Amino acid sequence: MSVCPVLRRGEGGFICGYTNRPIDPFSWYCVGNYSECPIFIRYSREARPAPKPEEVPKPLAEVLSIAAERPETEFEKAIKPVIDNVVLKYDDMVKKLDSMWSEYEGNVVNARRQWEVEKMALLRAQDLLNRTIGDYEKMLAELELKREFMPPDAFENTRRDLSERLEALRNLLEEVRSKYNALEEGLGSHFKRVLATSTSAEVISLKLSLSKLEELLKEGKISRETYEKLKSELEGLLK
């Protein structure tokens, strides 16, 4: 059974959607043959849309949500280019920094490896200077014992000559130590910074360096003092 599409139920009965007036659908054309209804034919020909039934008001929260939807979309469209520009800028910057850090890390590791080998020359020089200084100190002590058996002028000249050489050697040793410590501290600070993010292979390399130090000590190639100094430096890097 066909029913007029604009027929709706009201509070007191049925209402015609075209006229918005009460109607008895069973005594009129509304049920069964609504296509023959004069009202339906009239409004259909005029192509007049049927009035919409009164809608129940939507909740305030839903209305606010719908009202806020369009501004939010427009805001996103406006802000997206700004976001994209900032993201692209700093994404490129991060990549450049990563590349710079990788290069820096490689330079530091290479410098440290070279330093571990070449600093031995400075350490051996310090050992040699220490021994030479010790020899001159012994010579001065022996000269004092011979003082009574030497002419005063000869004694004074020899003592002055030995003292000047001893002072020069001590100054040179102090200079070498100062420069060595400055280089060790400078390279060490860079290497510690890299070691914090480097691979464990570098730590293994340092441990191997400790083992090599022990071999050098056993072979007599470095003194106990030099061994302890280098061991302390390498262990400090591992902490």
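**Close-up views of a predicted model**

View 1. Domain 2 (99-196) and domain 3 (199-238) each contribute at least three residues to the lining of the largest pocket. The model shown in this and the following views is predicted. The volume of the largest pocket is about 220 Å³. Its lining consists of E116, V117, K119, M120, R124, S209, K212, L213, L216, L230 and L234.

**View 2. Helices and residue classes in the lining of the largest pocket.** At least two lining residues come from each of α2 (60-145), α4 (200-218) and α5 (224-238). The greatest contribution is that of α2, which provides five residues. Sorted by class, the lining comprises six nonpolar residues, four charged residues and one polar residue.

**View 3. The largest nonpolar core.** Twelve residues make up the largest nonpolar core, namely W115, M120, L123, Y180, L210, L213, L216, L217, I222, Y227, L230 and L234. Helices α2, α4 and α5 supply at least two residues each to this core, and the largest share, four residues, belongs to α4. The core lies between domain 2 (99-196) and domain 3 (199-238), because both domains give residues to it. M120, L213, L216, L230 and L234 are among the residues of this core, and these residues are also found in the lining of the largest pocket.

View 4. A125 is located in helix α2. How far apart in space are A125 and V176, C-alpha to C-alpha? The distance is 8.2 Å, although 51 residues separate A125 and V176 in sequence. A125 has a relative accessibility of 28% and therefore counts as partly exposed, since that class covers values between 20% and 50%.

**View 5. Cysteines without disulfides.** How many disulfides does a search of the whole structure find? The search finds zero disulfides. For C16, the nearest cysteine sulfur is that of C4, at 6.2 Å. A disulfide requires two cysteine sulfur atoms within 2.5 Å, so C16 is in no disulfide. Is C16 buried or exposed? With a relative accessible area of 9%, C16 is buried. C37 also counts as buried, at 7% relative accessibility. Both assignments follow because buried means under 20% relative accessible area.

Note on methods:
Residues numbered from 1 in each chain as written. Predicted model: local features only at pLDDT ≥ 70, side-chain atom pairs only at ≥ 80, totals over all residues. Heavy atoms only, no water. Buried < 20%, exposed > 50% of the residue type's maximum accessible area, 1.4 Å probe, protein only. 1 Å grid on protein atoms, 1.4 Å probe; cavity = no way out; pocket = protein on both sides within 12 Å on 5 of 7 lines; lining within 4 Å. Points joined across faces, edges and corners; volume = space filled by probe spheres on them. Nonpolar A, V, L, I, M, F, W, Y, C, P; charged D, E, K, R; others polar. Domains from an automatic or database assignment. Core = buried A, V, L, I, M, F, W, Y, C linked by side-chain atoms within 4.5 Å.
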